Amino acid sequence: MDFDTALAEAWIRAIAAAVEKERSRLTELDSAIGDGDHGSNLQRGFAAALTALDGLRPAGPGAVLTKTGTTLISKVGGASGPLYGKAFRAMGAALPEPAGPAAVAEALSAGLDAIRLLGKAEPGDKTIVDAWTPAVAAFRAAAGTGLPAAASAAADAAEQGALDTVPLRARKGRASYLGDRSIGHQDPGATSTALVFRTLADITAS
């Protein structure tokens, strides 16, 4: 299985649906250690991305992800819009057509690099990076077994990474202002990252 244009579009639609479903949970998590707008911001951004894709005739999967990223940057406030926007644009720029599992792994890695460059975050800082980093490593390690298996491994790793943010003290973003009070809360950005990777696993498995 290759990651083609249809799969890229299905991924964005699946993310939009997942964010809509989990918006309240993301907002609740963000209310504890952030501005309380993570769920609503992402919902608005991916809804706008769907509208943008409806009028697009993409040249390949990369164009789908690039358009999504550009839309997120222009439509989403807070930190999540620029971070996810830059990530999807970087993934789009890195994707060939068609893209096999190894190429997808490199695109996901390019997305992570973009997030780290913009947010200046490292693993352990209690951010998106804590879920995206193990997801990329797991995807790359399983790429030889095919896209569905690699995506499933990445989703499992991202979900564990999100859970692993609970005992961490935030060192970046709004949550860092809370100091030790950020300990004991799951990071909303890492949680939404787990949704992004789980939807990729779901659409490749179906």
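Predicted model: local features only at pLDDT ≥ 70, side-chain atom pairs only at ≥ 80, totals over all residues.

Colleague: How many helices and strands does the protein chain have?

Modeller: The secondary structure comes to 8 helices and 0 strands. Helices (H or I, at least four residues) and strands (E, at least two) are DSSP runs, numbered from the N terminus. Read from that end, the elements run α-α-α-α-α-α-α-α.

Colleague: Why is the protein chain called as compact as a globular protein of its length?

Modeller: The radius of gyration is taken over C-alpha atoms, and the globule rule is 2.2 Å times the number of residues to the power 0.38. For 206 residues the rule gives 17 Å, and the radius of gyration of the protein chain is 16 Å, which is close to that value; the chain is therefore as compact as a globular protein of that length. Along the principal axes, the C-alpha atoms fill a box of roughly 45 × 35 × 30 Å.

Colleague: What makes S80 count as buried?

Modeller: Buried means under 20% relative accessible area, exposed over 50%, and partly exposed in between (1.4 Å probe, protein chains only). S80 has 7% relative accessibility and therefore counts as buried. This residue is found in helix 4. Not counting residues up to four places away in sequence, S80 touches H38, N41, L42 and G85, where contact means heavy atoms within 4.5 Å. Of the 206 residues of the protein chain, 51% count as buried.

Colleague: Why do L7 and A142 count as buried?

Modeller: L7, in helix 1, counts as buried because its relative accessibility is 12%. Leaving aside neighbours within four places in sequence, L7 is in contact with M1, D2, L147, I203 and T204. A142, in helix 6, counts as buried because its relative accessibility is 15%. With the neighbours within four places left aside, A142 is in contact with A149, A150 and A153.

Colleague: What makes a set of residues a nonpolar core, and which residues have the most contacts inside the largest one?

Modeller: A nonpolar core is a set of buried Ala, Val, Leu, Ile, Met, Phe, Trp, Tyr and Cys residues joined through side-chain atoms within 4.5 Å. The largest such core has 55 residues, and those with the most contacts inside it are F3, W11, F88, W132 and F139. Helix 1 (5-33), helix 2 (38-54), helix 3 (61-75), helix 4 (80-94), helix 5 (101-119), helix 6 (129-142), helix 7 (147-163) and helix 8 (188-205) each supply at least two residues of this core. Helix 1 gives the most, with 9 residues. Not counting residues up to four places away in sequence, F88 touches W11, I12, I15, F46, L65, T66, T68, G69, L72 and V196.

Colleague: Is K126 buried or exposed, and how do you know?

Modeller: K126 has a relative accessible area of 1% and is therefore buried. K126 lies in the loop between helix 5 and helix 6, and its phi is near 70°, a positive value in a residue other than glycine.

Colleague: Is K120 buried or exposed?

Modeller: K120 counts as exposed because its relative accessibility is 54%. K120 lies in the loop between helix 5 and helix 6. Its phi is near 55°, a positive value in a residue other than glycine.

Colleague: Why is G124 called buried?

Modeller: G124 is called buried because its relative accessible area is 19%. G124 lies in the loop between helix 5 and helix 6. Leaving aside neighbours within four places in sequence, G124 is in contact with D130, L168, R169 and R171.

Colleague: Which residues does a cis peptide bond join?

Modeller: A cis peptide bond joins E97 and P98, with omega about -10°. P98 lies in the loop between helix 4 and helix 5.

Technical notes:
Residues numbered from 1 in each chain as written. Heavy atoms only, no water.
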